[in-house]
Amino acid sequence: MVIARKVEDTLPHVPVQRSAARLSLAYVWVAYIAFGLAAVAGMVQGMVRGGIMELPSWTNYYQILTAHGVLMALIFTTYFIVGFIFSGVARTTGGSLHGAALKFGWAGWILMTLGTLMAVVTILLNEASVLYTFYAPLKASPYFYIGSALLVVGSWLAGFGVFASYRKWKRENKGKTSPLFLYMGVTTYILWITATIPVAVEVLFQLIPWSLGLVPTINIMLSRTLFWFFGHPLVYFWLLPAYMAWYVCLPRIIGGHIFSDSLSRLAFICLLLFSIPVGFHHQLMEPGISPAWKMIHVTLTLIVVIPSLMTAFSMFAIFETTGRKKGGVGLFGWFKKLPWTDVRFFAPFVGMLFFIPGGAGGIINASNQINAVVHNTIWVTGHFHITVGAAVALTFFGVTFWLIPALTGRQLTKTANRMGMVQTVFWAVGMFLMSLAMHTMGLQGAPRRTDYTTYMDHPLALGWMDYQRLMAFGGGLLFVSAILLILILLYLTFYAPKGNTEYPIAETETTQEVPKILERWPVWIGLVAFLIILAYGYPILQQIQHQAPGSPPFVTW
Ligand code: HAS
């Protein structure tokens, strides 16, 4: 029995053609292989930190933590995003990808996979237990850094593929506004390519020569600044594709419409402008950066909250108008009319609920004084598990439930849908318990990124132990959910009944005039460059001119 709901059919069903589907699936499957491995590492690390199990002598907590962070936060997300965007670009530009896009896409996949293998092998050999932020002066094998560089360059090639499709569409549709999904894909890649340039500089000119022993020391301050120049927009690179699913796909799934095409584009432009020049909010507790520059970054951070609030507003508007059109009356009658038993809606919706405290936590982190309380505590780990690990991940799962059948020519059955609902509930409960424990322990001063210890039975540390066990229990539920998800995906790829599954792309209800300025890329890219130079130009110059004595490499594991 198939649940494919036929929502009011204003749009023709445009299947993604085989060549594009194959490319997208190649990315999505590597994403889920990484996800599966990361889930195992995550469960083990939770058990160890919870004091429930001990590791054998041939491995250590930091090796497992690095494997979990790199595979989950960097590999799973990047591959999924590239695959999803390629599929949506194909879907909204007639079903196929431009020849150049396919070539770039496959070249990107090969480079990224080579890089991923290099990085993962060095982690498995215990030569790169530097955690996913690979901060100097911890030193990994040069192959770890070279692998990371290949991963980034590969993702750029994928971005060039999307740009090629966009140019082709514009050439063939002179004067017309581009499809919303395509526009958002282009914005996401402009953000990504701009943000990854500084980390590429860090890796190529600082970390690789230093880890090869070609230079004896490294400028720590500069390397951390270049990392966070990339690190904050990285979280928006995770978030934007989730927003693409919320703005463009979800309204179709619930039988509604895009609330406002212009507002959606404006939100993406704001995210592009303001998500990069904010990296110092990760370095508020670091010496060597003057409070004035930190203040500028904090101000811009609070500005970048606004497009997320615009997104929250749009989502409420879409849900309410759709619910009312379906007969919902009174203040909350519309709420009941939403398709609660459809996992394609339910999973992203639960993700949105997590993003409410996740966003509030972000604002707390960004507030300079309060950051002193939470910085480097496990509160921050709680924050990012309810943002990327819940809001983003649950949205990606929700997308996967229709994306895989749409690309493999199969159907989401009622049973698979029901299993997806169970999987979502396990993920949500596990994440809730784990992140609740993390936030609470963090406020009590428990540090992040530490192996199990009672600090010689210090009473304060002993007070954290129940929370650590709760954290491990939540991690166990997440692991069960991850196994369930992989089983559902195997079923959807190989065993589900054949048939046409719709790739949901919504339209606006009425024809809306989109201001042309929103598609004048030179204006926006110019403004991005201006804001970056304003926020980073002088501090980086200072860090180069007045550098503290550099640091030799350390291998502490
Ligand atoms: Fe963050 C640290 C500030 C968002 C991820 N963040 C991290 C780290 C990660 C991360 C991975 O200022 C750790 C890095 C490390 O390893 O050290 N973060 C923010 C702020 C936001 C924010 C201001 N973060 C995210 C997102 C992430 C993410 C998104 C991943 C995807 N974060 C920080 C700061 C730190 C930090 C500091 C450094 C802390 C330290 O000291 O180390 C904002 O962008 C958040 C804005 C979001 C909102 C929420 C809007 C709500 C929506 C849902 C609506 C719900 C609906 C449901 C419609 C204001 C859109 C309908 C409901 C019905 C009932 C109908």
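Start by selecting helix α5 (residues 180-211) and helix α6 (residues 220-253), which pack at an angle of about 165° with their axes 9 Å apart. The two are therefore roughly antiparallel to each other, a label used for angles over 145 degrees. Helices here are DSSP runs of H or I with at least four residues, numbered from the N terminus. Axes are lines fitted to C-alpha atoms over the stretch in contact, and angles run from 0 to 180 degrees between N-to-C directions.

A word on what you are looking at: this is a predicted model, where local features need pLDDT of at least 70, side-chain atom pairs count only at pLDDT 80 or more, and totals for chains, interfaces and linings use all residues. Residues are numbered from 1 along each chain as its sequence is written, and side-chain values use heavy atoms, leaving out hydrogens and water.

Stay with the pair a moment. α5 passes α6 in a left-handed crossing, meaning the near helix is turned anticlockwise from the far one by less than a right angle. Their contact has 24 nonpolar, 5 polar and 1 charged residues; Asp, Glu, Lys and Arg count as charged, Ala, Val, Leu, Ile, Met, Phe, Trp, Tyr, Cys and Pro as nonpolar, and the others as polar.

E286 sits in the loop between α7 (261-274) and α8 (291-325) while R224 is in helix α6, so the pair ties together parts 62 residues apart in sequence. A search of the whole structure finds 9 salt bridges.

Next, pick helix α10 (residues 343-366) and helix α12 (residues 378-408), whose axes come within 8 Å and cross at roughly 160°. That makes α10 roughly antiparallel to α12. This crossing is left-handed, and the contact has 15 nonpolar, 9 polar and 1 charged residues.

Most residues other than glycine have a negative phi, and most peptide bonds are trans. Zoom to P137, in the loop between α3 (99-124) and α4 (142-172): the peptide bond from A136 to P137 is cis, with omega near 10°. Then jump to R449, in the loop between α13 (414-443) and α14 (459-462), with a positive phi of about 55°.

Conventions. Parallel < 35°, antiparallel > 145°, perpendicular 65-115°, else oblique. Salt bridge = Lys/Arg side-chain N within 4 Å of Asp/Glu carboxyl O.
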